[in-house]
Amino acid sequence: MDCVNLLAFIQIAVAFDFGLVYLSNTHIFTNILDSLLEEMKVSCARLIKKAHTVCEQDRGYKGLAVRAKRAELIEVINNLEFLLDPQNVRWDKYAYTGIYSGVYGLLCLLLIGLKECRIDEFIHNFLLISGEIILIYQFINLIQLSRISNKKISVVKILYKGVWLCGILGLSVIIALTGFYWKIFQSFNLPFVLITICIVYFPFFVYAYRILKVWYTIKSKIRKCEALLKELENCIG
């Protein structure tokens with residue numbers, strides 16, 4: 001397979017992956033998220049203000065239904081304001097996913113270049129095996145990251161991830177050399193392209209999904225706030 005057509009595609013992804021680590025606070029997805037939150041905050045400012053006003057006016061009502069609706073509305077407002085604050089939606093921890101993706105992309109660029117786009121059997125096996133292992137570990141790493149609180153990038157953790165990555169690559173070399181593995185794919189071209197795209201653009205998919213999830217959650221809170229506000233006004237109307 002002539003892999004030279006993939007080089008530019010992989011190179012762009014590699015620059016993005018390592019950029020997540022070194023520019024974790026200023027990369028494009030952080031800017032997109034901040035802009036999105038700012039626009040949504042402006043668009044629902046009137047709704048939030050009105051909801052606060054109604055909640056203050058209803059403070060003296062003793063009816064159980066009114067009190068329950070008011071408490072539910074206050075909770076929704078607090079959640080909405082929390083989500084609209086960029087400081088509460090930081091994803092620095094997900095920049096770690098760029099380490100594995102970036103290194104695998106560099107390996108693809110290096111090996112394809114060394115073999116003049118004619119990849120032999122060992123490199124075939126190595127790229128597929130290491131790709132499969134890294135992709136699986138990326139998903140495991142993603143689950144682990146989702147369970148911890150947001151933290152800024154630390155050099156120690158980057159080095160720790162680097163040690164794990166070296167171990168994965170070493171294991172891949174041994175397996176490729178010995179042939180001690182179960183061959184999942186019968187061909188190379190299509191599996192390699194799919195695995196490479198999934199790995200090098202893994203952080204992109206993660207951040208894109210997170211942004212869409214935040215947008216959907218905020219929209220859901222806004223709709224719920226509007227519905228509760230209307231119900232509360234009907235109760236006291």
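**Helix contact and ring pairs**

Modeller: In H5, Thr 97, Tyr 100, Ser 101, Tyr 104, Leu 107, Cys 108 and Leu 111 meet Ile 123, Phe 126, Leu 127, Ser 130, Gly 131, Ile 134, Tyr 137, Gln 138, Asn 141 and Leu 145 in H6. Contact means heavy atoms within 4.5 Å. By class, this contact of H5 with H6 has 11 nonpolar, six polar and no charged residues. Ala, Val, Leu, Ile, Met, Phe, Trp, Tyr, Cys and Pro count as nonpolar, Asp, Glu, Lys and Arg as charged, and the others, Gly among them, as polar. This is a predicted model, in which local features need pLDDT of at least 70 and side-chain atom pairs count only at pLDDT 80 or more, while totals for chains, interfaces and linings use all residues. Residues are numbered from 1 along each chain as its sequence is written, and side-chain values use heavy atoms, with hydrogens and water left out.

Colleague: What makes H5 roughly antiparallel to H6?

Modeller: Helix H5 (residues 97–114) and helix H6 (residues 121–146) pack at an angle of about 170°, their axes 9 Å apart. H5 is therefore roughly antiparallel to H6, the term for angles over 145 degrees.

Colleague: How many helices and strands does the protein have?

Modeller: It has nine helices and zero strands. Helices (H or I, at least four residues) and strands (E, at least two) are DSSP runs, numbered from the N terminus.

Colleague: Why is the pair of Phe 122 and Phe 126 called stacked?

Modeller: The search of the whole structure finds seven aromatic pairs. In the pair of Phe 122 and Phe 126, the ring centres are 6.2 Å apart and the planes at 20°, so it is stacked. Rings of Phe, Tyr and Trp (its six-membered ring) pair if their centres lie within 6.5 Å; planes under 30 degrees apart count as stacked, over 60 as edge-to-face and the rest as tilted.

Colleague: Is Phe 126 buried or exposed?

Modeller: Phe 126 has 7% relative accessibility, so it counts as buried. Buried means under 20% relative accessible area, exposed over 50%, partly exposed in between (1.4 Å probe, protein chains only). Phe 122, at 32%, is partly exposed.

Colleague: What makes the pair of Phe 204 and Phe 205 edge-to-face?

Modeller: Their ring centres are 6.0 Å apart and their planes at 75°, so the pair is edge-to-face. Phe 204 is partly exposed at 37%, and Phe 205 is partly exposed at 42%. Ring pairs link Phe 204 and Phe 205 with Phe 16 and Tyr 201 into a cluster.

Notes: Axes are lines fitted to C-alpha atoms, for helices over the stretch in contact, and angles run from 0 to 180 degrees between N-to-C directions. Angles under 35 degrees count as roughly parallel, over 145 as roughly antiparallel, 65 to 115 as roughly perpendicular and the rest as oblique.
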